[in-house]
Amino acid sequence: MVTILRPLALAVTVLLLIGCGNPKPAAPPLKTYGQIGADHRFTERSGKSITTGDLRGAPWIASFIFTTCPGPCPRITAQVAALQDSLADVSGLRFVSFTIDPEHDVPDTLRAYADRFHADPSRWLFLTGDKAETYRMANDEFKLSVGDAAGMAMPSGSSMPMMHATKLALVDADGYIRAYRDALDPAATAALIADVRTLTRPAK
């Protein structure tokens, strides 16, 4: 009996060692796509002044929208609202929506828009600021196309026809862009959840 049990115990030990030596591979590290400057100044829907430097210290997800958008903006914002719920357990993570129509999207307008999507004011910021500066930041630093679209019909109330990218950008605690995902693609936004968890996973 002892002779039979010893080889069996040895086989079990070998299998355990093999299993321990081959852990589940970790997700690949996220790339870096550039850094957002710290000196861009905006006004939040609460009326509070905030800079992109104030966002340093914790990761955040950026989106570009405007409240009179007849196309993708409500879908983008709804997707961010879903991410707000799905990533509620990630401490410190914030969501930042920049309007590209600051002439119309004053703080009161942004507050009403944010309320439609149940945006938590402690975690989700809606920012309005100088139009030229917002466009420059979006195009030059986020590398996301934002601009006026002459000849495109818009609802009344919007100051100028505009077009913008529908991607969300994941920014780390030091202001570096670490991922882009299309807010209109459910598979891409699911991937963004994985990106956030990779970024915020404690170092071993």
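In the predicted model, helix α3 (residues 107-116) lies across β1 (41-44), β3, β4 and β5, and runs at about 150° to β5. These strands belong to an open sheet of seven strands with mixed pairing, in which the order is β2-β1-β5-β4-β3-β8-β9. The edge positions are taken by β2 (49-51) and β9 (177-182); each has a single partner strand, so one side of each is left without a neighbour in the sheet. On average, neighbouring strands of the sheet are turned by 35° against each other, direction ignored.

Within the sheet, β4 (residues 94-99) pairs with β5 (residues 124-128) in the parallel sense over four bridges, and F98 stands opposite L127 in β5. Helix α2 (residues 73-86) also packs on the sheet, where it touches β3 (60-65), β4, β5 and β8 (167-171); the direction of α2 makes about 165° with that of β3.

The largest nonpolar core comprises 48 residues, of which W60, I61, F64, F98, W124, F142 and L168 touch the most other members. When residues up to four places away in sequence are not counted, the contacts of F142 include W60, F64, F98, M137 and Y180.

Aromatic pairs number 11 in the model. In one of them, the ring centres of W60 and F142 are 6.1 Å apart and the planes stand at 75°, so the pair is edge-to-face. Because W60 lies in strand β3 and F142 in the loop between α4 (131-141) and β6 (146-148), the pair ties together parts that are 82 residues apart in sequence. Both residues, W60 and F142, are buried.

Key: Residues numbered from 1 in each chain as written. Predicted model: local features only at pLDDT ≥ 70, side-chain atom pairs only at ≥ 80, totals over all residues. Heavy atoms only, no water. Pairing = 2+ DSSP bridges. Helix = DSSP H or I, 4+ residues; strand = E, 2+ residues; numbered from the N terminus. Axes fitted to C-alpha atoms, helices over the stretch in contact; angles between N-to-C directions. Contact = heavy atoms within 4.5 Å. Core = buried A, V, L, I, M, F, W, Y, C linked by side-chain atoms within 4.5 Å. Buried < 20%, exposed > 50% of the residue type's maximum accessible area, 1.4 Å probe, protein only. Phe/Tyr/Trp six-rings, centres within 6.5 Å; stacked < 30°, edge-to-face > 60°.
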